[in-house]
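Please work through each task before reading its solution.

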Amino acid sequence: MLGKPRLRNNRVTEESLQADSGSDCISLELRTADGALVTLTADFRQEVKIFRALILGELERGQSQFQALCFVTRLHRNEIIPSESMAKLRQKNPRTVRQAEEVRGLEHLSMDVAVNFSKGAQLSSHIHNVCAEAKEAIYTREDDVKFWLEKGVDGSMFEVLPQTSDLPDLQRCKLCADRWKPCICSYSLSIEWYPCMLKYCKSRDATGKVSSYKCGIRSCQKGYTFDYYVPQKQLCLWDEET
């Protein structure tokens, strides 16, 4: 595990990173300024990314102690360094505050499909553990579903969610006055620092032959906004504050 403090807007965010080259996955965990615990799991073998957010509930407004969400998307090649490279990372000064070298653009995703928790292991074995608290709130995108179906994943685990085209009265939650009406919720998170690329250096041997070798990593920061259907605004109270 690597513990790494990151600096953002003069605020330090502490992250922990773990890599398992045996199961070919990595996980990254951080706590946001509002107290939410965010975990990113990258399953390279299945080409799946899992974002989990444990959000503190507003008890005085009738919410439970915390609310769990899982967003599952396709993992593209070269998004994150391989698990075996991550496992080899060593840091001499883990408490050093670091800033990402590259800020990648905000990704705005419409999560229009629900994932059945009991069947999710077919998509990634990590869903069972990572999304255990979010059994009724696992979301993905129709575009990613098409990719997984082509790989032979069982389509019965997916259920298309209502959209504004199906329900003309369906509003964004921040515009909805009634806490018990369905609406489209938005949740945003940011991964403040992660190893996104390997760096290669060149060397020349005695005969003048040039070769390249791995000589470090490049770090990135990236933000995500997820839009998804909720059966009542009560499940999306943070959206009215944005």
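**Exercise 1.** Determine the handedness of the disulfide of Cys 173 and Cys 183.

*Solution.* The torsion about the S-S bond of Cys 173 and Cys 183 is about 90 degrees, so this disulfide is right-handed. The pair ties together parts 10 residues apart in sequence, because Cys 173 lies in the loop between strand 11 (171-172) and strand 12 (183-204), and Cys 183 in strand 12. Strands (E, at least two residues) and helices (H or I, at least four) are DSSP runs, numbered from the N terminus. The sulfur atoms are 2.1 Å apart; a disulfide is a pair of cysteine sulfur atoms within 2.5 Å.

The model is predicted: local features need pLDDT of at least 70 and side-chain atom pairs pLDDT 80 or more, whereas totals for chains, interfaces and linings use all residues. Residues are numbered from 1 along each chain as its sequence is written, and side-chain values use heavy atoms, without hydrogens and water.

**Exercise 2.** Characterise the link of Cys 70 and Cys 131.

*Solution.* First, their sulfur atoms are 2.2 Å apart. Next, the angle about the S-S bond is -105 degrees, a left-handed link. The pair links distant parts of the chain, 61 residues apart, with Cys 70 in strand 6 (residues 66-74). Finally, Cys 70 is buried, at 0% relative accessible area.

Notes
Buried < 20%, exposed > 50% of the residue type's maximum accessible area, 1.4 Å probe, protein only.
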